[in-house]
Amino acid sequence: MSRIGNKIIQIPAGVTVTLENGDTVVAKGPKGTLSQYIGSEISMELGDGFIKITRPSEQKRHKALHGLYRSLVNNLIIGVNEGYKKNLELVGVGYKATNNGNVIDLSLGYSHNIYLVVPSELSVATAMEKGKNPIITLEGIDKQLIGLVASKIKSLRKTEPYKGKGIRFVGEVVRKKAGKTASKK
């Protein structure tokens, strides 16, 4: 039994969901339009204000696809209605971030600056306040794309476990290791 797959997806007011060609879900809302392919094995029932996704059998593959496609369709509906937002924090002395349109200029302690072009579907904002860590904000309607870009930015300077320097999500807890001196007594 897929607990996630069995949940009914509520369609909020202002969002229209259609099924094209029997295998593509298209969601239109105030923030934009997104579409998602759904395999022919999984069926979707479109009712008045709700969506129910069902699977044909109890095979392990069908159970996995059931929960996956339910989550993807739910992410579409939330994205076109509310949108998604991720905040990244640069922790380290001299780390800086600025943006010019969708190009981020990162100074991460290397001998050179790193320029990263963000897809045009996302909007980028950087904030640098005195006494606080620089913050990069990614906003958009596609949850998968925001996660992909955020992980790419994080991979440019991974958080190290001894001092906690690097790029991380705002509020992310980093477990710190004890250094060499902790073992000596």
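Author: The side chains of Arg61 and Glu41 form a salt bridge, with N and O 3.3 Å apart. The model is a predicted one.

Reader: Why is the contact of Arg61 and Glu41 called a salt bridge?

Author: The cut-off is a side-chain nitrogen of Lys or Arg within 4 Å of a carboxyl oxygen of Asp or Glu. The N to O distance for Arg61 and Glu41 is 3.3 Å, so the pair qualifies. In general, side chains of opposite charge can pair when their charged atoms come close.

Reader: Where do Arg61 and Glu41 lie in the chain?

Author: Arg61 is in helix α2 (residues 60-81), and Glu41 is in the loop between β4 (33-37) and β5 (43-46). They are 20 residues apart, and the pair links distant parts of the chain.

Reader: What makes Glu41 partly exposed?

Author: Its relative accessible area is 31%. Buried means under 20% and exposed means over 50%, so Glu41, at 31%, falls in between.

Reader: How do you know that Lys63 and Glu58 form a salt bridge?

Author: Their N to O distance is 3.9 Å. The limit is 4 Å, so this pair also counts. Lys63 has a relative accessible area of 33% and is therefore partly exposed. Glu58 has 54%, which is over 50%, so Glu58 is called exposed.

Reader: Which residues are linked with Lys63 in a network of salt bridges?

Author: Arg55 and Glu58 are linked with Lys63 in that network.

Reader: How many salt bridges are found in the whole structure?

Author: The search finds five. One of them joins Glu172 to Lys154, with the closest N and O atoms 3.2 Å apart. Glu172 is in the segment after β13 (166-169), while Lys154 is in helix α3 (residues 143-155), 18 residues away. Glu172 is partly exposed because its relative accessible area is 32%.

Reader: How do you know that β3 and β4 pair?

Author: Pairing needs at least two bridges between the strands. Five bridges join β3 (residues 24-28) to β4, so they pair, and they run antiparallel. Ala27 stands opposite Leu34 in β4.

Reader: What makes β2 and β4 edge strands?

Author: The open sheet has three strands in the order β2-β3-β4. β2 (16-20) and β4 each pair on one side only. From one strand to the next, the twist averages 20 degrees.

Reader: Which helix lies across these strands?

Author: Helix α2 lies across β2, β3 and β4, and runs at about 175 degrees to β4.

Definitions and conventions:
Residues numbered from 1 in each chain as written. Predicted model: local features only at pLDDT ≥ 70, side-chain atom pairs only at ≥ 80, totals over all residues. Heavy atoms only, no water. Helix = DSSP H or I, 4+ residues; strand = E, 2+ residues; numbered from the N terminus. Buried < 20%, exposed > 50% of the residue type's maximum accessible area, 1.4 Å probe, protein only. Axes fitted to C-alpha atoms, helices over the stretch in contact; angles between N-to-C directions. Contact = heavy atoms within 4.5 Å.
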